[in-house]
Amino acid sequence: LEKFKGVFPALYACYDDTGEISRERTMSLCNYLYEKGVKGLYVGGSSGECIYQNLEERKATLKYASEAVKGKLTLIAHVGAPSTRESKILARYAAELGYDGLSAIPPIYFKLPESSIYNYWTEIIDSTDLPFFIYNIPQTTGYSLSLDLFKKMLANKKVKGVKNSSMPVLDIERFKRAGGDDIIVFNGPDEQYVAGRLMGADGGIGGTYGVMPELFLKAEEFVTSGGFKNARAIQGDINDIIIALTSLNGSMYSVIKEILKLKGMNLGSVRAPLEGVSGEDLNKVKDIKELIDS
Ligand code: NAY
């Protein structure tokens with residue numbers, strides 16, 4: 001499981017100037033993050049705007065990321081989709097491409113019982129031989145993974161852990177305790193990376209890593225070496241930046257893409273209904289970039 005331990009940026013959706021998925025931009029973002037020294041990538045998750053893309057677009061992104069960094073970075077494909085059918089198509093495609101692992105949110109829109117969530121994940125897992133990581137993100141799905149269902153899922157040996165984005169750090173501790181060294185727990189909330197690691201997370205997957213990979217890698221280094229004072233200081237810097245990223249009028253991802261544009265990496269904009277940064281707030285993007293660079 002070593003290859004799943006460390007800093008995993010959640011890959012941003014990369015569009016061309018007409019809003020179509022861009023192979024070139026996806027590959028350059030993957031290469032950029034590889035050169036920064038991250039451990040792997042989480043492809044097609046929240047930050048990948050998966051929920052606003054059709055199956056062909058999601059397959060294209062999975063393919064471009066693997067073309068760029070397969071064999072160099074650990075690749076996890078997020079395959080959660082509205083139907084079990086689509087999720088399995090994505091899962092099989094990721095396996096064909098040589099991905100290292102799969103992950104999925106629980107079913108969305110209808111509020112389904114845990115038995116349906118169990119069946120949904122199990123069908124995805126059964127469709128390939130890849131290790132599977134549950135994606136627990138109650139803020140967006142409305143379902144908070146119970147310890148009961150987690151333990152039930154762990155009975156399936158292909159279930160290798162959870163990407164936990166719920167806010168209580170206690171959840172990370174409980175999930176880790178349930179699976180120990182046989183599983184990987186990824187910290188989800190970027191604002192609590194250091195806390196998550198101390199409570200048992202083996203690393204993290206996050207939506208803001210891509211715009212400040214150096215800071216998360218540094219925080220990871222300090223946690224690993226026991227330099228907690230320094231780790232906490234970096235977490236503080238990260239949190240100042242996250243608060244700034246979420247203070248403008250566009251979606252956080254559009255703010256991040258504007259910053260990356262200033263750094264010379266054009267990933268296009270965000271897909272509606274996500275909104276771009278506009279008006280006065282566009283001028284504030286430069287200040288956030290400076291905060292990151294300082
Ligand atoms: C993904 O799949 O893209 C992610 O891992 C993103 C998870 C993000 N959580 C939410 C609720 O959006 O990274 C976090 C989040 O952007 C970060 O903590 C800033 O709030």
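How far from an oxygen atom of the ligand does a polar side-chain atom of Lys163 lie? The legends below give the answer.

This is a predicted model, in which local features need pLDDT of at least 70, side-chain atom pairs count only at pLDDT 80 or more, and totals for chains, interfaces and linings use all residues. Residues are numbered from 1 along each chain as its sequence is written, and side-chain values use heavy atoms, with hydrogens and water left out.

View 1. A polar side-chain atom of Lys163 lies 2.7 Å from an oxygen atom of the ligand. For Glu191, a polar side-chain atom is 2.6 Å from a ligand oxygen. Ser46 uses its backbone: a polar atom there is 3.0 Å from an oxygen atom of the ligand. On its own, the ligand has 490 Å² of accessible area, and the protein covers 87% of that (Shrake-Rupley method, 1.4 Å probe). A polar contact here is a pair of N or O atoms within 3.5 Å.

**View 2. The shell around the ligand.** The ligand is surrounded by 19 residues (a heavy atom within 4 Å). Ser47, Tyr135, Lys163, Glu191 and Gly207 are the closest. The shell holds eight nonpolar, eight polar and three charged residues. Ala, Val, Leu, Ile, Met, Phe, Trp, Tyr, Cys and Pro count as nonpolar, Asp, Glu, Lys and Arg as charged, and the others, Gly among them, as polar.

**View 3. The largest pocket.** This is where the ligand sits (more than half of its atoms lie within 2 Å of the grid points). A pocket is an open set of points on a 1 Å grid over the protein atoms alone, with protein on both sides within 12 Å along at least five of seven lines. Its volume is about 740 Å³, the space filled by probe spheres set on the points. The lining has 33 residues, and Ser46, Tyr135, Ile137, Thr140 and Tyr253 lie nearest the centre. Lining residues have an atom within 4 Å of a point. α5 (138-141) gives the most, with three residues. Helices are DSSP runs of H or I, at least four residues. The lining divides into 16 nonpolar, 13 polar and four charged residues.

**View 4. The largest cavity.** A cavity is a set of points where a 1.4 Å probe fits but cannot get out. The count comes to one cavity of 30 Å³ or more. The largest has a volume of about 50 Å³. Among its lining residues are Val43, Gln53, Arg58 and His78. Helix α2 (residues 55-69) gives the most to this lining, with three residues.

Note on methods. Polar contact = N/O pair within 3.5 Å; in protein donor to acceptor, adjacent residues only side chain to side chain. Helix = DSSP H or I, 4+ residues; strand = E, 2+ residues; numbered from the N terminus.
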